[in-house]
Each structure stands twice: as C-alpha cells, then as structure tokens.
Amino acid sequence: PGRLLLGNLNGPGLARMQPDDARARAAAILADRATDPHFILASSHADVPFDTDPRTLLAIRQAVLETGGAARRTSWPSAAASSRPNWRPWPRVSRV
C-alpha cells in the first residue's frame with residue numbers, strides 16, 4: 001500500500017521499435033496494470049534515444065489515450081490549492 005510502480009517501457013529500445021509494436025506493448029502494459037492506482041507508465045531507463053521515431057512516441061501516447069490511462073485521476077488540484085501557485089510548465093527551448 002502506498003507504493004508506486006513505475007516502468008515497463010525500455011527507453012533505449014524504443015529507437016528500434018515500430019510504432020504499431022510500441023502501441024501494442026503500451027496497451028498490454030496498461031491493460032495488465034489497469035486496476036493498480038499506483039502505476040505510472042514510463043521508461044524503465046533514463047534515456048529515450050534522440051533518433052527514436054516520433055511516430056513511436058505518439059503511438060504510445062495513443063495507447064494511453066485509448067485505454068483511458070490519462071483520465072484515471074478523478075480530480076486535479078486547483079491553482080489556488082497548489083503549494084506552488086507560480087509553477088508553470090517548462091518553457092519552450094529554441095534549438096541553436
């Protein structure tokens with residue numbers, strides 16, 4: 001109880017994975033962990049290679065959206081209730 005389970009996608013292996021295979025893998029993981037409220041789908045390694053096909057990453061995103069994984073949280077803290085009210089997402093970074 002109270003533990004977080006994180007992982008199951010091999011970040012470095014995503015560069016060699018076809019989008020359909022990545023989508024199927026992510027969907028299978030999400031189906032297996034569907035009843036686990038502490039599970040977060042993530043790479044089990046720190047890096048996703050720069051040359052990973054963006055379609056592969058989008059396929060994983062699509063699997064999450066199709067399984068409702070992104071909508072499992074029933075409520076989000078309001079900005080007023082946040083302990084960091086001035087928090088903003090990462091700024092856009094220009095490539096030089």
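Okay, T56: a polar atom of its side chain sits 3.1 Å from the backbone oxygen of M17. I'm calling that a polar contact, meaning a pair of N or O atoms within 3.5 Å, where within protein one must be able to donate a hydrogen and the other to accept it, and residues adjacent in sequence count only if both atoms are side-chain atoms.

Before I go on, the ground rules. This is a predicted model, with local features needing pLDDT of at least 70 and side-chain atom pairs counted only at pLDDT 80 or more, while totals for chains, interfaces and linings use all residues. Numbering starts from 1 along each chain as its sequence is written, and side-chain values use heavy atoms, with hydrogens and water left out.

Back to T56. T56 is in helix α2, and its relative accessibility is 0%, so it counts as buried. For accessibility, buried is under 20% relative accessible area, exposed is over 50%, and partly exposed is in between, with a 1.4 Å probe and protein chains only. So what does T56 touch, leaving aside neighbours within four places in sequence? The contacts are L14, M17, Q18, P19 and A22, where contact means heavy atoms within 4.5 Å.

T52 sits in the loop between β2 (39–43) and α2. It is buried too, at 7% relative accessible area. Here the side chain has a polar atom 2.8 Å from the backbone oxygen of P49. Again setting aside neighbours within four places in sequence, T52 is in contact with L14, A15 and L57.

α2 covers residues 54–67, which is 14 residues, and it reaches 20 Å from first C-alpha to last, close to the 20 Å expected at 1.5 Å a residue. That expected span is 1.5 Å times one less than the number of residues. Helices here are DSSP runs (H or I, at least four residues), strands are E runs of at least two, and both are numbered from the N terminus.

Which residues of α2 are buried? T56, A59, I60 and A63. The arc is taken from the directions from the helix axis to the C-beta atoms. Turned away from the buried side of α2 are the exposed residues P54, R55, L58 and R61.

On α1, P19, A22, A26, I29 and L30 are buried. Around the axis they cover an arc of only 95 degrees, which puts them on the same side of α1. The face turned away from that buried side carries the exposed residues D20, A31 and D32.

Next, charges. How many salt bridges turn up in a search of the whole structure? The search finds 4, with a salt bridge being a side-chain nitrogen of Lys or Arg within 4 Å of a carboxyl oxygen of Asp or Glu.

One of them joins E66 and R23, at 2.0 Å, N to O. E66 lies in α2 and R23 in α1 (residues 19–32), so this pair ties together parts that are 43 residues apart in sequence. E66 is partly exposed at 48% relative accessibility, and R23 is partly exposed at 30%.

Another pairs R55 with D53, the closest N and O atoms being 2.6 Å apart. R55 is exposed at 57%, while D53 is partly exposed at 22%.

Then D32 pairs with R33, with closest N and O atoms 3.9 Å apart. D32 is exposed at 57%, and R33 is partly exposed at 24%. D32, R33 and D36 are linked in a network of salt bridges.

Last, the whole chain. It has 2 helices and 2 strands, running β-α-β-α from the N terminus on. Of the 96 residues, 19% count as buried. Among contacts with a separation of 6 or more, 82% are between residues 24 or more positions apart. That's my tour, questions welcome.
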